[in-house]
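Here are some notes for a first look at this structure. Please keep the model open as you read.

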Amino acid sequence: MTASPIIFSTTTPVRTPINMQSESLSEDLRESNLSLPLEGPLFDSLLSLQLQPDSINWEYGYGNLNRDAIPETFQPILKRVINIDDDHVVLEEIQIFTQARGLKLQCVELYCFDNTLGLLKVDFVLSENSMDSTVLQRLELETIDQAFSGIAERIYQHVIYPNFSDFSHPISEPLINCNGVVHGKDPIYSDLNFTKKYNPKHLLWTGRCLQIDKSSFDDNDKAEFIKWANCSGKAFFNVGESQMFIGSGNYLIFSDDLDAMAKDIFRATAISQIYSAFMTIYDGVFKSTLRDLIKLEQKKGFKAKQTDRLLTQTGRRLELLNFLKLDFAEAIHSTQGYRKTLVDHFISGWQINALEATTSQRADFIRSRLQRITEERKIAQNRTIEMILVSIGGVAVIDFSLNMSGNANKLKDDNIWGLVDLFRWLTPDVSLWSACALVTMATLYVYYGKK
């Protein structure tokens, strides 16, 4: 049996400056003969103010059931162990929390994924001297969720976020080619600015996993844990010899070997939560894009440059959305062992398919709006071209009228009534005004007739 009968494992998606452009990541790594995570002296200096480089003790690629051949999009690019010892405010808050509830901080780690997303993992275990009849009372399960979220936010705000101050925008050039020091502005994430004051929106929701050694608690205690996870009367599913329930924010595991389960649970959680976080961010991005489109449509005056920038930015976002949907489908099918069962239940419990559908529908709405704007621009451009051609033609007609008026009387009379005779009959002023009237009518037709 594990040393602790209780493990609280919390995972919180956060924003980071790491963006390696998923569409080309696999080929970039292959050409450089590298694999994820990026480790070694070349990369250890990146984000290392209070974040200590660390290795990941699992591998990717087919070989055995302990390995998943998932796309690089869902593999950690960097791993950092968070040093909170130098931040007395955060350290004191954690100490008050753990002492009051009989817990002990086990680890604080940051896993940086692609697309400016990271996963902050903060784990607590039951203290060695806390396993007594008052353990449930001390844990205060009814308020512990909010406490976990608060701790994650303090760690990110005070310890992790200052490491990003050198990056005004996400790194959009591949780290493997630039040693992580190139600052680029990817149009997808142009809203991020890490030199500004901490933004609470950079930190998303906290998922809370409670792992219980089932032989250490009686049925009454287990009932309290089930109540905490909001799964009373709901079906558990089996993961090997363990039983698990996944809710919207809390998920509960009863097992005889927590250490063996912990790694698989986190790996499955990472795939599901990173994708869910991406869809959540994109849903907000598309709402913001729609607002920008409406403002642009209402704006008067010359706006071609702004329109081009917004169309480019939005088109890039739509392309990446489609790419990540394909990568997530591949990740689901490429996950092996118990992790496949866990990912399937995370998708169901967190309603990821519904979130994906909503985001995709919003993307389709944006796409249709862009198509309309593009069509309107084409119509406007065609009208402009027509006006230019009318102007050129008008100048030619006026010039022709003047030349004919001036030269008609100089030509020999052939006794056949024709155009030259018409210009002999008309005075130069009448010819000129007739030409101007013709040009004016053509201009009005192009401008109003096709408006």
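1. Leu141, Ile144 and Asp145 in H5 meet Glu224, Phe225 and Trp228 in H7. The residues of this contact divide into 4 nonpolar, no polar and 2 charged. Bear in mind that the model is predicted.

2. How do the two helices cross? H5 spans residues 141–160 and H7 spans residues 219–228. Their axes come within 9 Å and cross at roughly 45°. That angle makes H5 oblique to H7. The crossing of H5 and H7 is right-handed.

3. Next, the aromatic rings. The count comes to 22 aromatic pairs. In one of them, the rings of Phe8 and Phe148 have centres 5.2 Å apart. Their planes stand at 50°, so the pair is tilted. Phe8 lies in strand S1 (residues 6–15) and Phe148 in helix H5, so the pair ties together parts that are 140 residues apart in sequence. Phe8 and Phe148 are both buried.

4. Phe148 also forms an aromatic pair with Phe97. This pair is edge-to-face, with 5.5 Å centre to centre and 65° between the planes. Phe97 sits in helix H3 (residues 88–101) and Phe148 in helix H5. The pair links distant parts of the chain, 51 residues apart. Phe97, like Phe148, is buried.

Note on methods: Residues numbered from 1 in each chain as written. Predicted model: local features only at pLDDT ≥ 70, side-chain atom pairs only at ≥ 80, totals over all residues. Heavy atoms only, no water. Axes fitted to C-alpha atoms, helices over the stretch in contact; angles between N-to-C directions. Helix = DSSP H or I, 4+ residues; strand = E, 2+ residues; numbered from the N terminus. Parallel < 35°, antiparallel > 145°, perpendicular 65-115°, else oblique. Left-handed = near helix turned anticlockwise from the far one by under 90°. Contact = heavy atoms within 4.5 Å. Nonpolar A, V, L, I, M, F, W, Y, C, P; charged D, E, K, R; others polar. Phe/Tyr/Trp six-rings, centres within 6.5 Å; stacked < 30°, edge-to-face > 60°. Buried < 20%, exposed > 50% of the residue type's maximum accessible area, 1.4 Å probe, protein only.
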